[in-house]
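Here is a brief report on a structure with its sequence. Take a look at both before reading on.

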Amino acid sequence: MSEPNFELRGVSKRFGAVHALRDVDLVLFPGEVHALVGENGAGKSTLVKVLAGVHQPDSGRLTLNGQELVLRGPAAARDLGIAVIHQQPNLFPDLDVAENVFVGRLPRNRLGSVNWRDLHRRAEGLFTRLGVALRVSVPVRGLSVADQQLVEIAKALSLDARVLVMDEPTAALSGREVERLFTIVRQLRDRGVAVMFVDHRLEEVFEIADRISVLRDGRLVATAVTADLTPAETIRYMVGRQLESLFPKEPAAAGDVALEVRGLTRNGVFRDVTFQVRRGEIVGLAGLIGAGRTEIARVLFGIDHADAGEVLLGGRSLAVNSPADAVRLGIVYVPEDRHEHGLVLDFSIAANISLPIVERLSRLLVIDRGREHELAEDYARQLQVRATGVGQAASGLSGGNQQKVVIAKWLATRPTVLVLDEPTRGVDIGAKAEVHRIISQLAARGMAIVLISSELPEVLGMADRVLVLHEGRVAAEFGREEATQEGIMAVATGHHGS
Amino acid sequence: MITQLSALRTRVLARWETLLVLLLIVFIWLGSSLSPYFLSGSNFSDLTSNLMEKAIMALPLALIIIAGEIDLSVESMLGLASALLGLTYAIGWSLWLGIPLVLAVGALGGLLNGLLVTWARLPSLVVTLGTLALFRGLASVVLGPQSVSGWPAAFTNFGFGDVPGTLIPWPFVVFAVLAGAFTFVLHRTWIGRQLYAIGKNKEAARYAGIRVARAKTLLFVLSGVLSALAGVVLTARFSSARADNGQGFVLDVVTAVLLGGVNIFGGEGTIVGVVLAVFVIGVLRNGLTLADVSPDTQSVAVGALLIISVAGPTAVRRIRSAWSNRRLTQAADSS
Amino acid sequence: MDRTVEAQFAPRLAGRIGLERTLALVARLRELGILVALAVIVVVVGVQAPRFLSVSNFEQILLSVSLIAIVAVGQTSVVLTRNVDLSVGSVVGLVAFVTGDLLKEHVLGVPGAILAGCALGLGLGALNGLIITVGRVPAIVATLGTLYVYRGLDFLIAGGKQVSAIDLPNSYLRIASSSVIGIPTLIVFAAVTAAIAAYLLRYSGTGRELYAIGSNPTAAELVGIPAQRLVFGAFVICGLLAGVAGVLWGSRFGTVNAFAAGGLELQVIAAVVVGGVNIFGGSGTVLGAVLGAALLGTIENALRILHLSQFWLQAIDGAVILLAVGTDAAIRSYFQRILMRTGRR
């Protein structure tokens, strides 16, 4: 048994009220592929960022080859031989492949000038070692995501990295590209590199990993050699938690079909998506990040366009070409990223709530501030928004209250269909329950709701039906009674049967 | 803590306008000490009259910058309008035909800017730099180096004269009406609310169902029309249509907007501030003229004012956020 | 494992290689395009006015082009970092006047005056750099301001007077017109400057870092590239080269007033942009900028030969800027769409 390369002991990390990592012990051995799995929000990305030196842990120790270290930044991690490949490649689009690999360390000749021939030769050598035919003199801009990833790997190789961390590397790859990646990973492993691999897809994990660790709610709940685990057990570790009855779902009578989606396709993202949502119904959309859920919502809301398929509202096939259209037609979207897309942080609560209907609230162009104020107070009361008043800036509210303001904003437009995307992400427990109560009441009053969520307990507690998306397709549908965390996760990770 | 900062921010803005008033007072005082003629009514009338074309163009530019874009081509559209008006007049058209035509051309030029920015998704900086050159060039092609004079008395009286019985130049009346309209639209109507939203967070505005592309295009069209109007006013005031009318105006117009408290990055600003800043620049130039400084040399002062009006608040903001960050970490450490 | 969804969207190898090759082709096409445009102008104008094709006129063209090219090289280094310098015209004019004035008033000898002029250019560029990096003023606002400040200083110093050729020592005036192995010094100088710049941008670490900053500023920070310092340096270089051009301007034209080189910045930006330097930074070559300068210098000369007003030049500058930037954006979005269709995300 070899000496551990890289160790984390008791590492914790907090962001405000959210405990991203709790007392994590993780060990990486050289010459081993160690997979890190967990649901969305389990803390995997945070862990990767700690390893990369992007975040400093609040407590705990990191040791490399026995030496305790403090990583003050990504450059420090790189200098120590820790190479991290994030989900989004961070390359220079206009520079060629070879230059990207050796950026900052370009080979020079005796006169001190850049030796391009040597640069290209060395880069080609790296790619040959990786067993890949990639032209090194083309700008990175023209490369596919898979190829850009290879450039990042070559970069790591050129740095003689002893630890390689890869965050969801297969998310954007096709089958053949994944195989190519795995061959390279095996090569690196055989050369003694400690590889950490964050992945969702259990089939892949079981194919490539020597060891598997499971994160759940920020804690490391299991770690074992692959041979000692089965996929079913892994899933149980990923989701195994008591389902608290936090979600008092009111019964709601299902009415007419409000939203119908038929054969909706967006090339390269999702395909042939078909489902219905009735008034009073909550349909949950579960699945891993990248499965296509948010992308479907964006098409429904008019931000992106579909390549094929239909969207029917109230039985009529409609073209939704912009968010303005969507709002007019009665379909609204509470986005995943409330700071970027949901709120104007500098605006007051009232101004945020009135924004989509500000024209309607005006008489002869002038905004009726009295009505605006009343409306905002009304919703703030209904949704129990905790603030010093509706004149307070949205930036001053807690995550949960901000989310309520976003919801209030859309309720004010009196929509028919409400699409919620990760509505309780970054929201504390108390506010979570309140948001769920609101959602449940809305359904009881006849709204058709689509709930996109990565939190399985939330989906199970709220949804009348759960659609599980996998790789852009609706892979399964569960009724409220038959849905289980394991069942959903199994389909989401592409693992059928146990 | 953050609530305090946003309240502080509104107070900062109020304080910014106070600063402008102070600056105005200081410049007036400086001006009066430079020349005994300065504090006379007729001087203020002259000063104002010289200022109005720039003032008219500053209004739509303020909205454009608040919405997160910029329009450098305003002075060239003024020149093109003047040249076209001169051409149409010289070939015998009535002003009743010429002026609407010129305004329409202004709208078209603005539309070009707007479409290149929203549809072709080009940065407004580069687009309006190009049209700054293009429109001016077209103006010169239209009229060459000549000038057109011999305008009807009613026209030139409008540009040069005052409201009877007062020292108020007619163009000031036009400007006052426009300024009032812009203040109303920006600060009281849903249109203004949408513009601020677009400037503060374009994506959130879009997600809230605001038609961002349409709004921006209309703003550029408005800028084009008002620049053309300014061209008409200038032609009337000078009694002369020339292709190089308005050359150099872009400095004063942009400075007026930024000095007026409009944030170069969008989302913040008031019309009151812009109006005050317009007069600050007018008084400054007037004082310098009375001190025998040529208009081109005066630009040193205005250019410096432009740079300071952006560098100043940025520095203040950075100092303030560094200070509040230190307070936050101290608070977090002690909790 | 069910991979049929991805299998259908997997990038086709042939398509991918075609894409890479096409991108390179586009760059060559642009340079070819400029040469074709030049050829067309030469033919069309040459037919209208045979004087256009004379050797002496050709030399005039090269002299104009050389001046534009020197400034364009400096502007290129700034634009590569995702910035722009609008004040170059004012710098050239101010330096041209100051240099001439120093010689006219016998304050300095020719070598001293030249040095002073270059130093002035460097200083003005450094001031731009400071305002932008330390003052955090966006380059467009900063250099719009300094465009007028520097030009205003020019007017202040000139005070309505001008420097005439007869006021200047012959040794100074001959710098632009004298020849080295038959080629005017100015042209040689421009060529050498361009060659050095091209070499540094391609073969020096600092040059490559300029590209990196413009291509992906956040990644550049992550890799540890000192962006602020380099941007400052780029503006210093731009100012210096504008100063050099100013000195040479005075030598070439002899008579200089406060209006000299007005509008040059638009010509230079048009040259740089039509030459393929991306206005968003990160890509472009000195060769491209020089070709752009050649095109615009030729157009300027053609306008003069055809007795068309020089005002046409401004319209053309503007149209060139719009067309070049628009075409670049169109090409880029076209390729983006192809990429999205053949590969995932």
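How many residues does the contact take from chain A and from chain B? Chain A gives 24 residues and chain B gives 20 residues. The model is predicted. On the side of chain A that touches chain B, helix 10 (323-329), helix 11 (338-342) and strand 18 (366-367) each supply at least two residues. That side of chain A divides by class as follows.

| Class | Residues on the chain A side |
|---|---|
| Nonpolar | 14 residues |
| Polar | seven residues |

**Chain B**

Chain B holds 13 helices and two strands. Its radius of gyration is 21 Å, close to the 20 Å from the globule rule for 335 residues, so chain B is as compact as a globular protein of that length. The C-alpha trace of chain B spans about 80 × 55 × 35 Å along its principal axes. Of the 335 residues in chain B, 55% are buried. Take the contacts in chain B between residues at least 6 apart in sequence: 79% of them join residues at least 24 apart.

**Ala98(A)**

Ala98(A) sits in helix 3 (residues 97-101) of chain A. Is Ala98(A) buried or exposed? Ala98(A) has 27 other C-beta atoms within 10 Å. The cut-off for a buried residue is 20 or more, so Ala98(A) counts as buried. Leaving aside residues up to four places away in sequence, Ala98(A) touches Leu119(A), His120(A), Ala123(A), Val136(A) and Ser137(A). Val140(A) lies 42 residues from Ala98(A) along the chain, and their C-alpha atoms are separated by 9.3 Å.

Technical notes
Residues numbered from 1 in each chain as written. Chains lettered and ligands numbered in written order. Predicted model: local features only at pLDDT ≥ 70, side-chain atom pairs only at ≥ 80, totals over all residues. Helix = DSSP H or I, 4+ residues; strand = E, 2+ residues; numbered from the N terminus. Rg over C-alpha atoms; globule rule 2.2 N^0.38 Å. Buried ≥ 20, exposed ≤ 12 C-beta atoms within 10 Å, placed from the backbone. Contact = placed C-beta atoms within 7 Å. Nonpolar A, V, L, I, M, F, W, Y, C, P; charged D, E, K, R; others polar.
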